[in-house]
Amino acid sequence: MSLKILVVNDDGILAPGISVLQRAAKLLCDDVQIVAPETEQSASSHSLTLHRPLRIRKISNNVHAVDGTPSDCVFLAYNKILAESPPDLVLSGVNRGSNVGEDVTYSGTIAAAMEATLLGIPAISLSQEYLDGESVPWDTAEKWIPKLVRGLLKTTWPAGVLLNVNFPKVSASNIKGVVFVKQGKHQAIDLFSEREDPRGRAYYWIGVSKRSMKSGAENTDVRALHDGYISVTPLHLNLTHQLTLNNLRNSFKISS
């Protein structure tokens, strides 16, 4: 396949998931470029660094690290590092942990795909679910990514849309299939710890959210993972809720 693929993530340049994605991408094309954050940027959402300078560290001809967010990485890859020959496809991940339901608004993995989409580049975010206390089943994502991406590239999706892919916490051989579903919702308990520094001042540490996957509603990404399917969800950058917009236009009145 004649492609140039940009690989990015939010877990950082040294994260195991980006090595998984690099190997999978090399089965899709010969030209794989990596531009990733120097350090972990989980839950950074779609943020750009505006109030300090950014630095690019060249590791090799096709690997660069940026001391910024996932969105910074895509922006600088497009406008500087790969400016003379931009990528045809951006693959973001593989994230350590799923990105379904409410995670979509927090995820740096999805945000990198959003930035690519804004720049007019087709983009797919990829995340691997795992159980707390157990090793991440990276083999599942690695074995399924090449054939899944090949299949997705045979389809078309419009401008302003990215694809969000999640792999369930099962072995590659136990995947039940691929389903195309909407964004769901899971019950979440956001944890934080209140502590005290040596000077007696309170500070707070936001922890990992305890999200109850349970079964989730039918035809959602949450349910698909629970049932052992790979979920694919098209996400639209236009967040306008059309029904509410229409209702406001028809019903809003200001009294004189």
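Two strands pair here if DSSP finds at least two bridges between them; helices (H or I, at least four residues) and strands (E, at least two) are DSSP runs, numbered from the N terminus. This is a predicted model, where local features need pLDDT of at least 70 and side-chain atom pairs count only at pLDDT 80 or more, while totals for chains, interfaces and linings use all residues. Residues are numbered from 1 along each chain as its sequence is written, and side-chain values use heavy atoms, with hydrogens and water left out.

Stop 1: Show the strands: 9 of them form an open sheet in the order 3-4-2-1-5-6-7-13-8, with mixed pairing. Strand 3 and strand 8 (178–180) sit at the edges with a single partner strand each, so one side of each has no neighbour in the sheet. On average, neighbouring strands are turned by 20° against each other, direction ignored. Now zoom to strands 5 and 6, which run parallel and are joined by 5 bridges. Select N95 and you'll find it opposite S127 in strand 6.

**Stop 2: helix 3.** Helix 3 packs on this sheet, touching strands 1, 5, 6, 7 and 13 (contact is heavy atoms within 4.5 Å). Its direction makes about 175° with that of strand 6 (axes are lines fitted to C-alpha atoms, for helices over the stretch in contact, and angles run from 0 to 180 degrees between N-to-C directions). Select residues 108–118: 10 of the 11 are buried, meaning under 20% relative accessible area with a 1.4 Å probe, protein chains only. What covers the buried residues includes helix 2 (70–81) and strand 13 (230–236). At the start of the helix, a side-chain oxygen of S107 comes within 3.1 Å of the backbone nitrogen of T109. Just after the helix, G120 has a positive phi of about 85°.

**Stop 3: the core.** Select I5, L91, I124, L126, I145, V165 and F167, the residues with the most contacts inside the largest nonpolar core, which has 39 residues. Such a core is a set of buried Ala, Val, Leu, Ile, Met, Phe, Trp, Tyr and Cys residues joined through side-chain atoms within 4.5 Å. Its largest share, 7 residues, comes from helix 4 (residues 138–153). Not counting residues up to four places away in sequence, L126 touches T109, I145 and F167, among others.

**Stop 4: Q41.** Finish in the loop between strand 2 (31–37) and strand 3 (56–60), where Q41 lies. Is Q41 buried or exposed? At 18% relative accessibility, Q41 counts as buried. Leaving aside neighbours within four places in sequence, Q41 is in contact with D10, G68, T69 and P70.

Conventions. Buried < 20%, exposed > 50% of the residue type's maximum accessible area, 1.4 Å probe, protein only. Polar contact = N/O pair within 3.5 Å; in protein donor to acceptor, adjacent residues only side chain to side chain.
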